[in-house]
Each structure stands twice: as structure tokens, then as C-alpha cells.
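Subject: A structure for you to look at

Hi,

Here is the structure I promised to pass on to you. Please open it beside this email and follow along as you read.

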Amino acid sequence: MAKRKSRSKRRKHAALKALGALIALVCAFITAAPRLNLPFAVPTWQEIFSGVQLTELSQAAQQPLSVHYIDVGQGDSILIKAGDFNVLIDAGERGNGDKIVAYLAAQGIQRLDYVIATHPHSDHIGSMAEVLEEIPAEHVILPELSRENTPTTQVYEELLRAVSASGAQTIAAKPGETYAGKQAVLTVLSPWRQDDNLNNMSVVVRLDFGSTSFLFTGDAETPVENDLLERGLDVHADVLKVGHHGSDTSTGTDFLARVQPSFCVISCGKGNDYGHPNEETLEKLEKRGITPFRTDEDGTIVIGSDGSTLYCATEKSEQELTARRAA
């Protein structure tokens, strides 16, 4: 009888070792998969642990909330759609107006509740005048600039003329102000003070929908990030729009640790002259187990939410899915 028990224990021990080895192998495979260029999709660790589903663009866009990071090359343009609550954050460089207007039309957008021009750099407001000429907007949110910080560039003056002609109400961004639809709530977190670096005048907003949250940072750099932390503001978000196109001037280590994003999105142009995103920024994200979505590699990115689960899709994943179906 004693020998039988001993054999049974050895079998159990061997089975546990085999199971442990299999688990270790699977874990190693999941970790390495993003770098293997496999012909099939393998979920990443952030997808496994963050209640996220990779899906088709249409399914992501059909969720009660959808956030669209539109590929406008080296610039930002983001559509927030929550029922009849429509918000556009930035409109890319000049020459993107037709693309943005067509994209909004394809999403059934006939009017915008809010347009947010994060700061007066052309890669964020370049096509906003064109958009305002085609799609009615009720409110336009701008950073409040001092006389010294107010640019005299043609693109900024075009924006101001377009805002005036549109009849939209102009709102100076003030931290703590909220703008809400039936379920989605936008909260302004910054800017708090004047800065002659216009990147740091970026309107930073947090979006809450159910238990999911998104953070949009414009081109805000580490001094603004540190200011948000020192003020004890709630910057935690499931999805972070990485500041300044992934430049090393943003996404500080302490800020990233406080945000604790499950996903990050970097909006930048393919082969851009600035070297965005910076390798240092990518390494910070990699240390947290995050492989960012990138418009230069993935095209337009759509992240939907039903209030608890995120649904992620990209133009690239849609094209790959279509190709697999056709094969």
C-alpha cells in the first residue's frame, strides 16, 4: 500500500511539473508574440487582464461610447461619440479637412456639441476651420491665452474667423469644468497657468463613461504632467493618448505610473521628421507591458466602450481580417 501511495505522489508531482512547464511556455509565447509577426492574432497581456476585446472597426464604433483616433499623419484628431453627444478634439494639419469631414459623415455626425482646439499649433488646428465650415458646432473650447502667448499665425487667425462665422459659443478652458452627455462626462484638467511653451497650454481632458476612462493630453509636456500630480488630480485612465506624439518631452515615469493605462495611443505620421515616437517613450511603455496603438502603423484606431469592457480595432487589423477571410 505504501508503494502505491508513493507512486501516486510521484505521478501528481510529475503532472504538476508538466503543467507548470506548459504554463511557462504559454506565458513566454504571449510575451514574445508581438515581435514575431505571426499570421494570426495573439492577445497581449494588457488585453488579457484589462477586460478588452479586439474586434472589427464596426463593432468598436457601434458601442455606446466610441473614441476614434483619426489618422491625420503628423498631428492629432479625435472624435468622441456617445449617443447624441459628439466631441471633436483637434483637426490635424492643413490638408486634412476633407478627410475629417468625410470620416465624421461616415459616423453619422451631423453636428458637434463641442470642438476642442487643444492648443494653437498647426498640427492640431490646421484643418479645424474647414471642419467648422462644413459641420455645425455648438461650442468651441480653447485655451485662454495671454496677449504675449497669442500667436499671430495665419492658421490660428483662420481658426478664430471660422469660429466667429460658425456662431459657436467660445469657451475658455478652465480646470474643473465638466461637459456631459447622458452618460459620458468630460472634465478639464489643465491648463492652470500661462506658459510661453504653447505645448503646455494644451487643454487636457479626462473622459469617463461607466467604469471606463480615457485621458487626452494634447502636446502637454512633463511640467504639466507633474503639475497635475502635485495638485492631486485624478489622472487614472484605461486609455492614454500619449502626449506630444510620443516625444521624450512628455509621458514622464511618475505620470505614467499614476495614470496606469491599460492601453496607449500615439498619433504621429509615418516617417515623420521629428523621430516620433521617441525610443525612450516606447521603452517606458514596454516596461509596463504596453504595446501602443500607433496611427503611423495601425491607421485610424477606434476604441469602444459599453461602460465596462473596451473594444479595440484598427484599420490595420481590419485589413488583415479581410485578407484572412478572402484567403
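What covers the buried residues of α7? The cover includes α5 (122–125), α6 (128–134), β6 (137–142) and β7 (169–172). Before we go further, a word on what you are looking at.

This is a predicted model, in which local features need pLDDT of at least 70 and side-chain atom pairs count only at pLDDT 80 or more, while totals for chains, interfaces and linings use all residues. Residues are numbered from 1 along each chain as its sequence is written, and side-chain values use heavy atoms, with hydrogens and water left out.

**The whole chain**

The protein chain has 12 helices and 16 strands; these are DSSP runs numbered from the N terminus (helices are H or I with at least four residues, strands are E with at least two). Of its 327 residues, 51% count as buried. Buried means under 20% relative accessible area, exposed means over 50%, and partly exposed is in between (1.4 Å probe, protein chains only). Among contacts (heavy atoms within 4.5 Å) with a separation of 6 or more, 66% are between residues 24 or more positions apart.

**Helix α7**

Back to α7, which runs over residues 154–166. This helix has 13 residues and reaches 18 Å from its first C-alpha to its last, close to the 18 Å expected at 1.5 Å a residue (the expected span is 1.5 Å times one less than the number of residues). Its buried residues are Val155, Tyr156, Leu159, Ala162 and Val163. Seen down the axis of α7, they fall within an arc of 120 degrees, so they line one face of the helix. The arc is that of the directions from the helix axis to the C-beta atoms. The face turned away from this buried side carries the exposed residues Gln154, Arg161, Ser164 and Ala165. Just after α7, Gly167 takes a positive phi of about 80 degrees.

Leaving aside neighbours within four places in sequence, Ala162 is in contact with Ala129 and Leu132. Ala162 and Ala129 are 33 residues apart in sequence, and their C-alpha atoms are 5.2 Å apart in space.

**Helix α4**

Now try α4 (residues 97–106), where Gly97, Ile100, Val101, Tyr103 and Leu104 are buried. Down the axis of α4, these residues fall within an arc of 160 degrees, so they line one face of the helix. On the other side, Asp98, Ala105 and Ala106 are exposed. The buried residues of α4 pack against β2 (65–69), β3 (78–82), β5 (112–116), α6 and β15 (301–305). Gly108 follows α4, and its phi is positive, near 75 degrees.

Gly275 lies in the loop between β13 (263–266) and α10 (279–287). With 44% relative accessibility, Gly275 counts as partly exposed. Its C-alpha is 9.7 Å from that of His245, which is 30 residues away in sequence.

Ser247 sits in the loop between β12 (239–241) and α9 (253–259). Its relative accessibility is 5%, so Ser247 counts as buried. Beyond its neighbours within four places in sequence, Ser247 is in contact with His276, Asn278 and Thr281.A note on the word pocket: on a 1 Å grid over the protein atoms alone, a pocket is an open set of points with protein on both sides within 12 Å along at least five of seven lines, and lining residues have an atom within 4 Å of a point.

Happy exploring!
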